[in-house]
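Here are my notes on the model you sent over. Please read them with the sequence and the structure open.

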Amino acid sequence: MAARDLRSWARPAIGAALLLGLTVGCKKPEDDLGLEVLDPSDALGTVVVDTTTILAWSTLPDPGRTSGLTRNVLGTYLDPDFGAVSAGVVAQVRLSSGNVGAGITDELDCDSLVLSLAFDANLFGYGNLDPRSFRVFRLSEDLRTDTAYKNDHVPAVMLEDLVALPRGEITPAPFTKPFIGGDSLTPQLRIRLSKQLGEELLDKWGELELTDNTAFLQYFKGLVVLPGEQPGVPYTQGLLYLNLLSADSKLTLYYRNTTTPDTLSYSFPINASSVRYTLSSFDHQAALQPGLPALLQDSTLGQQQFYLQALYGLKGQLYFPHLLAYPTSGVRALAKAELIIPLAGTFYPSYLPPSQLFAFRKDAEGKELDLPGQTLGTNLVGGYYDAANGEYRLVVTQWMQRVLDGEMPNSGLSLYPGSSGVSANRVVLAGPAHATRPMKLRLTFTTY
């Protein structure tokens with residue numbers, strides 16, 4: 001079969017992202033909002049200020065790593081606020097034993113070939129469980145275990161869609177255990193593939209290609225699973241969260257031989273040795289509401305509301321243009337610096353906001369780095385979603401104190417949804433000029 005570049009799977013979304021990448025950031029929010037005059041005198045020895053100028057906007061993030069993570073994401077939906085979202089899965093399948101078929105001389109016939117992908121046990125996905133179709137292609141590109149694959153790496157594939165005819169729709173059932181051969185299995189997505197591929201695999205029984213995984217992966221490089229047609233109406237379909245490390249995530253060949261009337265099977269598992277990653281693509285211009293497309297053309301609109309989206313869809317940018325005026329106004333020592341970021345309004349129940357936001361500082365060259373107090377194993381920053389108050393709070397005291405002391409540049413913060421490589425959560429946040437619940441930076445200075 002001929003090979004092709006698979007970029008056509010989401011070309012409209014990718015094309016829109018590339019176009020936006022040329023325009024986003026060329027217009028920065030105006031920084032003409034003044035710094036309030038401080039009165040450092042306070043009977044308790046502290047001054048609390050919540051009028052610091054903040055500039056906020058959304059932009060497209062750089063592609064991020066999605067290989068080797070705890071789960072993968074598959075599906076598509078149309079978000080009225082964020083536009084079209086699509087995610088696909090790329091994975092190697094491997095041999096479950098060596099020297100497959102050695103010594104077998106019987107004629108073998110394929111009954112069926114099934115790709116099963118186990119659902120994540122903790123969270124089935126994002127959106128709804130409407131019926132949907134899938135496409136499956138065979139890789140023509142080698143995957144490397146020493147490579148960190150990112151969400152934009154679209155591999156080359158063979159042309160033929162491997163989903164068995166007729167290619168109908170599947171209704172995901174993440175809460176139902178299927179019974180196969182009398183056994184109760186993990187809830188899973190089961191996609192029947194073409195018998196032609198099953199017959200091809202059986203033809204390799206006892207051949208060099210099935211002696212070990214090195215030889216097998218040279219012959220069968222892996223699979224790409226993509227969503228079917230993008231829904232044209234919002235609030236339908238959604239993204240599924242998959243556990244490819246489950247024992248039930250595999251390619252299973254069901255077959256018979258001339259001497260055994262019962263169906264036999266052989267499994268090609270996806271396991272910890274398999275390269276596996278998630279593709280993601282976005283068409284923000286397909287949003288039915290005008291807010292996001294307008295913001296991506298005019299970043300000053302982020303003062304009213306701005307947008308974050310996981311799977312490396314959108315990140316937030318915050319800048320504090322007058323921050324360095326504080327040391328010259330009579331206060332320098334921070335007791336606490338807290339960002340309070342409310343949601344801009346309500347949300348559809350199936351489109352939950354991220355459970356946590358992460359902030360990153362920037363060095364003088366613009367490289368994003370961890371905040372002090374928010375490193376591996378430590379989180380003094382917080383950033384968890386408060387559902388009761390509809391807001392996030394991030395404590396950025398250590399970073400801001402170092403900025404005031406001249407130890408770090410005043411180059412702003414980047415905001416990302418938590419679990420960005422393994423989830424699809426999105427949120428519309430209130431900017432600092434929001435009419436009813438503006439974002440604020442609350443600074444508490446000590447004056448003694």
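1. Basis. This is a predicted model, in which local features need pLDDT of at least 70 and side-chain atom pairs count only at pLDDT 80 or more, while totals for chains, interfaces and linings use all residues. Residues are numbered from 1 along each chain as its sequence is written, and side-chain values use heavy atoms, with hydrogens and water left out.

2. Whole chain. The protein chain has five helices and 29 strands; these are DSSP runs numbered from the N terminus, helices being H or I of at least four residues and strands E of at least two. Of its 448 residues, 53% are buried (buried is under 20% relative accessible area, exposed over 50%, partly exposed in between, with a 1.4 Å probe and protein chains only). The chain exposes about 19,500 Å², and carbon and sulfur atoms supply 51% of that area (Shrake-Rupley method, 1.4 Å probe; for residues, only the protein chains shown count as cover). Among contacts with a separation of 6 or more, 83% join residues 24 or more positions apart; contact means heavy atoms within 4.5 Å.

3. Five strands in the order 2-29-20-26-25 make an open sheet with antiparallel pairing (two strands pair if DSSP finds at least two bridges between them). Strand 2 (46-49) and strand 25 (382-386) are at the edges with a single partner strand each, so one side of each has no neighbour in the sheet. Neighbouring strands are turned by 15 degrees against each other on average, direction ignored. Angles run from 0 to 180 degrees between N-to-C directions, and axes are lines fitted to C-alpha atoms, for helices over the stretch in contact.

4. Six bridges hold the antiparallel pair of strand 20 (residues 334-342) and strand 29 (residues 440-446). E338 has R442 in strand 29 as its bridge partner. Helix 5 (residues 397-404) lies across strand 20, strand 26 (391-395) and strand 29, at about 120 degrees to strand 20.

5. Strand 21 (residues 357-362) runs antiparallel to strand 22, joined by three bridges, and R361 stands opposite L369 in strand 22.

6. Pocket. Which residues lie nearest the centre of the largest pocket? They are Y312, F360, E368, Y416 and S420, out of 19 lining residues. The volume is about 490 Å³. Strand 21, strand 22 and strand 27 (413-417) each supply at least two lining residues, and strand 22 gives the most, with three. A pocket is an open set of points on a 1 Å grid over the protein atoms alone, with protein on both sides within 12 Å along at least five of seven lines; lining residues have an atom within 4 Å of a point.

7. Two buried residues. T252 lies in strand 15 (residues 250-257) and counts as buried at 5% relative accessibility. Leaving aside residues up to four places away in sequence, T252 touches S112, L113, V114, S265, Y266 and S267. H284 sits in the loop between strand 17 (276-283) and helix 4 (291-297), and is buried at 3% relative accessible area. H284 and L314 are 30 residues apart in sequence and 9.6 Å apart in space, C-alpha to C-alpha.

Key. On a 1 Å grid over the protein atoms alone, a cavity is a set of points where a 1.4 Å probe fits but cannot get out, and a pocket is an open set with protein on both sides within 12 Å along at least five of seven lines; lining residues have an atom within 4 Å of a point. Grid points are joined across faces, edges and corners, and a volume is the space filled by probe spheres set on the points.
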